[in-house]
Amino acid sequence: MERFQKKVLYLIAGVIFCKLLLSVLLELGNDEVYYLAYAQQWQWNYFDHPPLVAWVINLGSLNLLLRQELFLRLGFIGIGGLNTWLIFTIGRKLYNAYAGWIAALLFTASVYAGMISGFMIMPDAPLLLGWLLALSLALDLCGNTDRNRQRRSLLLFGLVCGLAVMSKLSGVLLWAGLGIYLLGNRSSLFKEPVLYLSLLLTLGITLPITWWNMNNGGGGTGYHAGRITLEHVPVRVDRFLREVLAEMGYNNPVCCVLGILGAVYCRRTGLLCRQRQWLLYSFMLPLMLLVWFFSLFRDVLPHWTGPSYVTLFLFGAVYLARRYEAVTVWPRVVRWANVLTAVAVLLITVASFLLPVAFSPKPVPKTGTGDLMLDFTGWKTFAAGFDSLYRKDQAQGVMLPSAFVLSDYWFPAAHLNWYLAAARHYPFMAVGTLNEIHQFAWLNRQRPGLKTGSDAYYVTVSNYDRGPSGRLVESFKKNAGTVVLPQIRMGRVVRYFYITRLRYYKGGIGANGIPN
């Protein structure tokens, strides 16, 4: 085994150990716990995303048999390790093993690559796995003249693109990347039948997405169409600049600057041949430019361009490999990039338990608004407090037996669904429009619904305070008042849980939780 292979394996092992420890400490964040609703109901597609994120959850947790956060995140941590190895092999193919080692270090220093798609329960983990596999196969195609190997690479490309699309719809842009590359460098391959067979393979793998949407009123398609609708004209440059800065933050500013410097250096010196530069740009730019375009007209999320930045890191890795020539195993600038991310993660983890004030203090009733740390703590403690209240109300006859727990937005509905309803077996229902409750509109159907005369607790939190909607309150005869449970951190209140008692359900809410 070569020198840098060993170092990458040690890096992967060390990072995985740290992530497993972190999984034991931190509860699930908003997005993470929402995707557990996918895993609770096997489908070929879901409202927000294709099904692969649910499959990874169930694989690591043995179909939710192992319910601790460590096992729920296990598959994603494993994919993060595999992705680190893949970025190393791609860097080695591009230039040499030292470049692969630097690429792995830059990858680890990125919050998106290391945490969002390598620790958290997110569809970005299998998406990035498919992305890197596709990029590696395209690189093989770039340097291969043997027709049989080309055909094999093309078929495998179609397979891994299917994997990427079944993770997140942005995976379709892998085909755009390959198409742009072939147009500029290997246009003869457009005459190759295997290319179109590979495309059909991708379409075949992703057919369940189309089938599900056709059988569910185009719910998922309509949702995604709404996410890219142009909201305002003229353009908003401030939103674009905010988006780019946020993307750089997610991907580590040091890594981004190194990637840009590397791209310029390779362009000026020809350190990478034209074909390989064209290949990297072909896979990097379509997703990045598309998101940037939409950012001029509406809010978009900074992690959407993550795979593009991971591709950009390869330029930085080649540049540093040329500059240091393997003399410096861990260049200082790369070391500081990793320290920056490690310190940020450590501070967030420590602050989640020890920060004596809310990170973004707001007055009651919105205490804790903007406090990121609250997404990862407090839910198990709240569940114990709610359980005591629930049992006391039952014993005193304040509420009827088997009272429901209700929420009218997908968060905090997802936390209540997992940490309260699933853990303590309370009947739970998310109530609202489809755009408010998302996948819960399908999950509700497989559960017992509200019956006339039922009582319910409506639960919300001060950092996402909404209060029960008028239509929800009108579905019950009586609002019996609100109980407030505080979340304490280092002796200070950082959030409140508001629990409203609703008596005697009259009707008006469908089995899917959407009001009639």
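**Entry 1: the strands**

I looked up strand E3 (residues 456-461) and found it joined by six bridges to strand E5 (residues 492-505), the two running antiparallel. This is a predicted model, in which local features need pLDDT of at least 70, side-chain atom pairs count only at pLDDT 80 or more, and totals for chains, interfaces and linings use all residues. I count residues from 1 along each chain as its sequence is written, and side-chain values use heavy atoms, with hydrogens and water left out. Helices (H or I, at least four residues) and strands (E, at least two) are DSSP runs, numbered from the N terminus. Two strands pair if DSSP finds at least two bridges between them.

I noted two bridge partners in E5: Arg501 for Tyr457, and Leu502 for Ala456. Ala456 is also the bridge partner, in E3, of Phe404. E1 and E3 pair in the parallel sense, over three bridges.

Thr482 has Thr500 as its bridge partner in E5. The hairpin of E4 and E5 has two residues between the strands, and Met490 takes a positive phi near 55° there.

**Entry 2: the sheet**

In what order do the five strands of the open sheet stand? I read E2-E1-E3-E5-E4, with mixed pairing. Strand E2 (428-430) and E4 are at the edges with a single partner strand each, so one side of each has no neighbour in the sheet. Neighbouring strands of this sheet are turned by 25° against each other on average, direction ignored. Helix H18 (residues 379-396) packs on the sheet and touches strand E1 (404-407), E3, E4 and E5; its direction makes about 35° with that of E5. For such angles, axes are lines fitted to C-alpha atoms, for helices over the stretch in contact, and angles run from 0 to 180 degrees between N-to-C directions. Contact means heavy atoms within 4.5 Å.

Is E3 covered or open? I found six of its six residues buried, where buried means under 20% relative accessible area (1.4 Å probe, protein chains only). Ala456, Tyr458 and Thr460 lie on one side and Tyr457, Val459 and Val461 on the other. In a regular strand the side chains alternate between the two faces of the sheet.

**Entry 3: helix H8**

I checked the length of helix H8 (residues 147-165): at 1.5 Å a residue its 19 residues should span 27 Å, and its end C-alpha atoms are 27 Å apart, which agrees. The expected span is 1.5 Å times one less than the number of residues. Its buried residues include Gln150, Leu154, Phe157 and Cys161. Among the elements covering the buried residues of H8 are helix H7 (124-142), helix H9 (173-185) and helix H15 (274-295). Asp146 caps the N-terminal end of H8, with a side-chain oxygen 3.1 Å from the backbone nitrogen of Asn148.

I then looked at Ser170, which lies in the loop between H8 and H9. Leaving aside neighbours within four places in sequence, Ser170 is in contact with Leu127, Trp131 and Leu287.

Terms used: Buried < 20%, exposed > 50% of the residue type's maximum accessible area, 1.4 Å probe, protein only. Polar contact = N/O pair within 3.5 Å; in protein donor to acceptor, adjacent residues only side chain to side chain.
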